[in-house]
Amino acid sequence: MGEYFDIVNFLKSAVVSGASDEHLRVGYAPFIRKNGFIKKTNSTVLTKEMLDDIVVRIAPASLKNSILSMKDVDFAYEIQGSSRFRVNYSRLLGLPSLVIRNLSYKIPSIEELNLPPILQNILKQHSGLVLVTGPTGSGKSTTLASLINRICVENSKHVITIEDPVEYVFNSSRSIVSQRQIGVDTESFADGIKYALRQDPDIILIGEIRDNITMEAALKASETGHLVFSTLHTSDAVQTINRVINMFDEQSRNTIRKQLADTLRATVAQKLIYSEKKQERYPACEVMVVTSTIRDYIIKNNTEEIYKLLGDTSVDNMFSLNKSLADLVVNNYISEKEALENSNDPGELEKIFRGVFQGTKSYYD
């Protein structure tokens with residue numbers, strides 16, 4: 001029998017250390033990601049036999065007999081009393097590899113995440129589409145979970161989640177929460193959305209929109225009186241709108257523009273900024289709430305004008321990324337240098353810094 005690697009104790013230790021992810025691959029000691037940075041551990045160098053053993057031990061019962069013959073698969077894993085995990089099993093040059101994301105049992109609040117309080121206004125919507133966007137590892141899932149949890153605590157709703165895999169587990173308090181996993185409870189995101197419409201939902205959470213079939217189903221659900229939340233891998237509101245429209249062929253795009261303009265309620269683009277001083281990461285958010293003006297920009301394919309609107313400090317309930325970065329500096333979460341390094345428009349941000357004590361509105365106000 002080959003050497004044994006205690007994956008349970010390793011993951012428990014990683015969670016206690018504050019790591020967000022673990023990377024396990026053949027020929028290396030495990031790596032962890034903490035505060036956005038990859039760090040090598042002093043643990044055992046992993047062999048193929050160790051990885052195969054780990055994969056079989058943590059895989060769900062439905063995959064145990066077949067997983068070693070698979071090439072790419074996602075699944076959830078749980079260590080009672082420690083954490084839940086989202087696991088990706090893949091192959092690198094024919095050898096097994098695992099990337100594991102740590103998911104806290106406790107869903108953090110909007111306040112604990114230092115998210116802009118104006119996000120709570122989005123929760124007052126009764127129908128339509130809300131998209132939380134950002135790169136991998138930017139905290140999209142956690143932000144969505146925080147928003148959904150606030151709804152569940154404060155309202156009596158039926159929330160259906162369709163995820164791959166299920167990440168945060170919601171406790172039904174005033175609301176009913178029905179969580180469905182792709183491949184276990186439903187065949188696909190599109191199927192999950194279609195059947196969710198027959199299950200008396202108020203709110204539908206789609207873990208991720210990956211293709212035009214899922215997007216079409218999401219738009220239909222939001223058109224029929226439901227509030228739909230989902231995520232996209234885009235960096236700002238304009239990119240998000242363009243990505244949605246470009247999912248479809250040219251003949252369909254005018255129809256999709258109109259449909260999106262009618263259903264989209266808000267986009268929240270998020271980026272995590274590491275603070276050297278506080279040794280922690282803080283979210284910078286671009287928040288766009290769809291107004292009649294923005295609706296008109298979407299229909300007329302004039303989305304670049306949205307950047308100007310987001311940069312206008314007199315517009316309520318909206319924030320550009322630069323205004324969010326400036327707020328983080330003013331509230332002593334990050335330095336000016338860290339803000340400028342993460343800005344898409346450093347010149348504009350420097351102008352905001354010059355006027356920040358002359359009446360520029362903060363989203364923490």
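**Backbone and cysteines**

Modeller: At 90% relative accessibility, Leu 93 is exposed, because the cut-off for that is over 50%. Keep in mind that this is a predicted model.

Colleague: Where is Leu 93 found?

Modeller: Leu 93 sits in the loop that runs between strand S5 (83-92) and strand S6 (95-103).

Colleague: And what is phi of Leu 93 near?

Modeller: Phi there is near 50°, which is a positive value in a residue other than glycine. Most residues other than glycine have a negative phi.

Colleague: Asn 35 next. What is its phi near, and where is the residue found?

Modeller: Asn 35 has a phi near 55°, also positive and also in a residue other than glycine. Asn 35 belongs to the loop between strand S2 (31-34) and strand S3 (37-40).

Colleague: Now peptide bonds. Is the one from Asp 164 to Pro 165 cis or trans?

Modeller: That bond is cis, and omega is near -5°. Most peptide bonds are trans.

Colleague: Which strands lie on either side of the loop with Pro 165?

Modeller: Pro 165 lies in the loop between strand S8 (158-163) and strand S9 (176-181).

Colleague: Changing topic: how many disulfides does a search of the whole structure find?

Modeller: Zero, with the whole structure searched.

Colleague: What about Cys 152, buried or exposed?

Modeller: Cys 152 is buried, at a relative accessible area of 1%.

Colleague: And Cys 285, buried or exposed?

Modeller: Cys 285 has 0% relative accessibility, so it counts as buried, the cut-off being under 20%.

Notes: Residues are numbered from 1 along each chain as its sequence is written. This is a predicted model: local features need pLDDT of at least 70, side-chain atom pairs count only at pLDDT 80 or more; totals for chains, interfaces and linings use all residues. Side-chain values use heavy atoms; hydrogens and water are left out. Helices (H or I, at least four residues) and strands (E, at least two) are DSSP runs, numbered from the N terminus. Buried means under 20% relative accessible area, exposed over 50%, partly exposed in between (1.4 Å probe, protein chains only). A disulfide is a pair of cysteine sulfur atoms within 2.5 Å.
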